[in-house]
Number of protein chains: 2
Amino acid sequence: MSEGFVLKGDLCFSRASGDLEVMENAYLVCADGVCKGAYQELPEEFSSLPLTDHQNRLIVPGLVDLHVHAPQYTFWGLGMDLELIQWLNRHTFPEESKYEDLSYAEKAYRAFADEVYRGPNTRAVVFATRHTPATLLLMDILEGSGLAAYVGKVNMDRNGIPPLQEESAEASLADTEIWLQAALGEKRYANVKPILTPRFIPSCTDGLMSGLKAVQRSYGLPVQSHLSENQGEVAWVRELCPGAGSYAQAYDAFGMFGGDTPTVMAHCVWMSDEEIELMRKRQVFVAHCPQSNMNLSSGIAPVRRFLDAGIPVGLGSDVAGGSHTSIFRAMSDAIQVSKLYWRLVDESCRALTLEEAFYLGTLGGGAFFGNIGSFLPGYEFDALVIDDSRNLDTGPLDMQSRLARVVYQPDRNVIEEKYVRGKNIFDRPLGNAGFKKASKEEGVV
Amino acid sequence: MSEGFVLKGDLCFSRASGDLEVMENAYLVCADGVCKGAYQELPEEFSSLPLTDHQNRLIVPGLVDLHVHAPQYTFWGLGMDLELIQWLNRHTFPEESKYEDLSYAEKAYRAFADEVYRGPNTRAVVFATRHTPATLLLMDILEGSGLAAYVGKVNMDRNGIPPLQEESAEASLADTEIWLQAALGEKRYANVKPILTPRFIPSCTDGLMSGLKAVQRSYGLPVQSHLSENQGEVAWVRELCPGAGSYAQAYDAFGMFGGDTPTVMAHCVWMSDEEIELMRKRQVFVAHCPQSNMNLSSGIAPVRRFLDAGIPVGLGSDVAGGSHTSIFRAMSDAIQVSKLYWRLVDESCRALTLEEAFYLGTLGGGAFFGNIGSFLPGYEFDALVIDDSRNLDTGPLDMQSRLARVVYQPDRNVIEEKYVRGKNIFDRPLGNAGFKKASKEEGVV
């Protein structure tokens, strides 16, 4: 085999939801960017590969953020006392408007990419803004970082504010063509792919949605949007789409809801039984964003019901609705709100376990990208080597306990190596990407 | 004036609930361990005091943790998938039993104290265990750290497990006497005081509660305990105390519920209107522990109702029900769950604002100690000098925004100086206390 290596350490990964595999002092084999398996004893066939013994470092798959607004990183943690519409009007729309200015966009997108680069997420599904040049710039920057991502230029031709709203469906679609020609044509990114991004139903006229379906079909692209985050929004969609039986059906009517169109929908807080059944049937991914749903007083998504129905679910940071890019934080947020859901809303929906939350943030979300998010053979090799020694200050712990501590207090740990598709992106030459691994003094997870 | 100094920087403190004072490039004066005020221009009378210009560091009052179990620090983040009783039986009771061994207690309590020492809390109200020698050891260690604290040897003579339960009310009271004689007598701590600590009603026979009241009266001590954390517990107390009208009245019947007995009760999640009125009347402090209440699926305490009723409220980490000692984390947890409470339980209870949460974690909890938790003149000088520059990576921010980011992502910041009662405890000689300020590489808030 051509390019391969072995990492030795304490491995932890999901085989399926709730099925956590832990292997101490084990061997993790990578060749040609793909995992060849995790072994307690190193098979003979791999014995000539370069081996790094990471001793008692924790080695886990890289985390997957299924929903994040890159242009909103500039105002994370701010405006959290505002209700949704005020927050959109005071922070989101004015901020996104600034990305018309490419030098502003460059500075802001580098800060975002640097934050994600240093953290535990190896993959992200990203909203950019309506601006095609800035979106391509973001894609350039992410490609330079070594991270893998879907990135979407946002379509929005109604109910916005003047600087941010596109002039018409035709203009939005024309801009989308320009974007895709560049993103799929001369750019030829290895790790960053376009995803069609109608902001949400209230932002997109029927004409725009139909036109986007044609684009989707023509290029075979996946789709991302928002679904049922908040009750006011659900009511609004009912007014805008009186013909659709539900918000989910409003997307489905345009063929932008799973089936042969891989789709991820953020939030899904307020869902009818019929919508849940439709999501199951179409295998639409839920990007569960628990912190954002708290910060914007939206509610708690019924994740247990999605899992029981066999709907694919992953986690989203939803920066800046959420304040943290790290999907380790999203894992503990998800567990915590699921306990409140059980206690206050529906006692038939038992809370998420640590194993389930870890699955959601790795394999659950990774499935949107393909074979990603686990150390099963054949999976793309995304991995983190983590120094969690600070968590052992009161004595040794078993592997599940170490994982629990990394999830509940990610910032106490240091990521020493970070692999995406078999490359240690912390080793990349700086080049013009300018990315620098967090020094030990800043190293956080 | 004898010992005094001035700190210059960007000040932020509460005057009252929701009344946040921010002063950039301002002067904070301390003399004899007491704050002499915050000034935009330095008054002449202070001009001869040594001045340190902290430039654009954020300077805030030290935070107050109204409820933390020091012996549980060893298992923070663990067992979070268990329900309360299983968690108590598998982790809490076996772990607390180990504190009979003083060498175990020393190692564990040093780790706890070191964690708090490095963090943003300057004061804590602490549960130890039933063991008097280990409790005195904890008090020694905390005194050596420079932190200020109330520490309680726990009384528990029923419904425990054999290694942990005290043999009888008489034995418990005798041990309490020994503890108090030492803690108030030969120890003569400057900053660490005893607080009477009946674990909770289910742990304490009527005889023990009556005996403790006599001790309380005799020594003039404050009291801490737990109240209405979880519905099963509330039902249990109803069985144990059929004569009492409520859980609150069960404590009140023994004179251990405010009035002339300063009292802090943790949780208060499930409270009747009558209990709320009794708490108001008696001015019993609530230690609101939002993360623990999520982690143990207890629910959400109705903090807005307490504030509207004029009940004094502060924040508690409740380690290890909660996973973080930092009260900055408790502030964002409190805001987040209050939004879910508003959305899911009672729309008349509006969510907590950033200013209110900051008040709760400083002045709100500080009031239990006296004039603590603010930079008003006459207040004891507890303060943090914080380097929050990492939060300014996307540009300058106003003071409220800087505070918001410190609250929402405390671990991105570095505490440079930490004052308790006018002394910078990061400057203390190591002596036998062995405390070391977090180096910049580990420095977290």
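This is a predicted model: local features need pLDDT of at least 70, side-chain atom pairs count only at pLDDT 80 or more; totals for chains, interfaces and linings use all residues.
View 1. E2(B) and strand E3 (residues 34-39) of chain B pair in the antiparallel sense over 5 bridges, where two strands are said to pair if DSSP finds at least two bridges between them. Strands (E, at least two residues) and helices (H or I, at least four) are DSSP runs, numbered from the N terminus. Within this pairing, B:Val29 has B:Gly37 in E3(B) as its bridge partner.

**View 2. The hairpin of strands E1(B) and E2(B).** Strand E1 (residues 4-16) and strand E2 (residues 19-31) of chain B pair in the antiparallel sense over 11 bridges, and B:Cys12 has B:Val22 in E2(B) as its bridge partner. There are 2 residues between these strands, and B:Gly18 in the turn has a positive phi of about 75°.

**View 3. The surroundings of A:Met279.** The largest nonpolar core has 270 residues, and A:Leu227, A:Met279 and B:Met279 have the most contacts inside it. Such a core is a set of buried Ala, Val, Leu, Ile, Met, Phe, Trp, Tyr and Cys residues joined through side-chain atoms within 4.5 Å. Leaving aside residues up to four places away in sequence, A:Met279 touches several residues, among them A:Leu227, A:Phe257, A:Cys268 and A:Ile311, a contact being heavy atoms within 4.5 Å.

View 4. Most residues other than glycine have a negative phi. Buried means under 20% relative accessible area, exposed over 50%, and partly exposed in between (1.4 Å probe, protein chains only).

**View 5. The cis peptide bond between A:Val319 and A:Ala320.** Omega is about 5° for this bond, and A:Ala320 is found in the loop between strand E14 (313-315) and helix H11 (327-344) of chain A.

**Notes to the views.** Residues are numbered from 1 along each chain as its sequence is written, and chains are lettered from A and ligands numbered from 1 in the order in which they are written. Local features need pLDDT of at least 70, side-chain atom pairs count only at pLDDT 80 or more, and totals for chains, interfaces and linings use all residues, while side-chain values use heavy atoms, with hydrogens and water left out.
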